[in-house]
Amino acid sequence: MAATKPHFILCFDFDGTLVNPEGNPVFHPALGQMIQQLRTQGAAWVINTGRSLPQTLQGLAQHGIFMEPDYIIAKECDIYRPGFFSKWTDFGNWNRQARKAHDRFVKDHEASLTAIRQLVETHTKAQYLVGDYGALGIVATSDEELDAICAYIDTHVRQFPDIGYQRNGVYLRFSHSGYSKGTALSELARLLGMDASRCFAAGDNHNDLSMLDPRHARMIATPSNGLPPIKAHVLSHGGFVASRPASEGMIEALGHYFGGGRRV
């Protein structure tokens, strides 16, 4: 666990950033050692992922990562910490607020969501998905197809700025724009008495852009397998682009920001 009162945050996306299923190793043990060392110096280790909480815990076990994070931000929004009576619990009121905001979002933008659904079902080969608890999403057949769909969604966003979405590969999930990996990271920092200057964030895909933002993290990084737009974004904000993929790249990134005795 982190120190009782952590004074900086190490926030990582999971798939493609912490772990690389095609890599060897999938998760480099030296990264685990670096994280543990930084935790002894006051870091809180955070996983910030599009996975659900159970999927995140399953992924940690599947890839042999037996360190327990200090916090997990799941489904790009919900903040959890280890609990006493249940293994993981909501941290603060944020999760409840996010769920209420999503319910309002679906009701307030029924017309826009219906128009988007009609476009998807009549003009593309993509699938429009309706899941449990009001979850709405799209699965495209290619990145290019999803690019075109996002361009149409953005015409609605310009009129209704609270229409948001999280994109990862050919998958898209609708959400209230006020609740994202970035805003959840800032809320966690606030709960811990910190601001963006004490946050390190790393990710590789479109849904990581919100946390790779100086408003939420002043130290940002992406591995070599980060998508070209993500690398360009990180560079444009003075961040670090690693020369190696996933966990090996994160070793480079932590060395860049915290090596040589440098501390937050």
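## The largest pocket

Which element gives the most to the lining of the largest pocket? That's S9, with six residues. Strands (E, at least two residues) and helices (H or I, at least four) are DSSP runs, numbered from the N terminus. Other elements that give two or more residues include helix H2 (53-62), helix H3 (94-108) and strand S4 (78-82).

This pocket holds about 1,300 Å³ of space and has 46 lining residues. Nearest its centre you'll find Gly-50, Arg-51, Lys-75, Glu-76 and Arg-173. The lining splits into 18 nonpolar, 16 polar and twelve charged residues. (Nonpolar covers Ala, Val, Leu, Ile, Met, Phe, Trp, Tyr, Cys and Pro; charged covers Asp, Glu, Lys and Arg; the others, Gly among them, are polar.)

## The second largest pocket

Next comes a pocket with about 470 Å³ of space. Among its 20 lining residues, Gly-164, Tyr-165, Gln-166, Ser-177 and Ser-210 are closest to the centre. S8 supplies the largest share, five residues, while helix H5 (143-159) and S9 each bring at least two.

## How it was worked out

A pocket is an open set of points on a 1 Å grid over the protein atoms alone, where a 1.4 Å probe fits, with protein on both sides within 12 Å along at least five of seven lines; lining residues have an atom within 4 Å of a point. Points join across faces, edges and corners, and volume is the space filled by probe spheres set on them.

The model is predicted: local features need pLDDT of at least 70 and side-chain atom pairs 80 or more, while totals for chains, interfaces and linings use all residues. Residues are numbered from 1 along each chain as its sequence is written, and side-chain values use heavy atoms, leaving out hydrogens and water.
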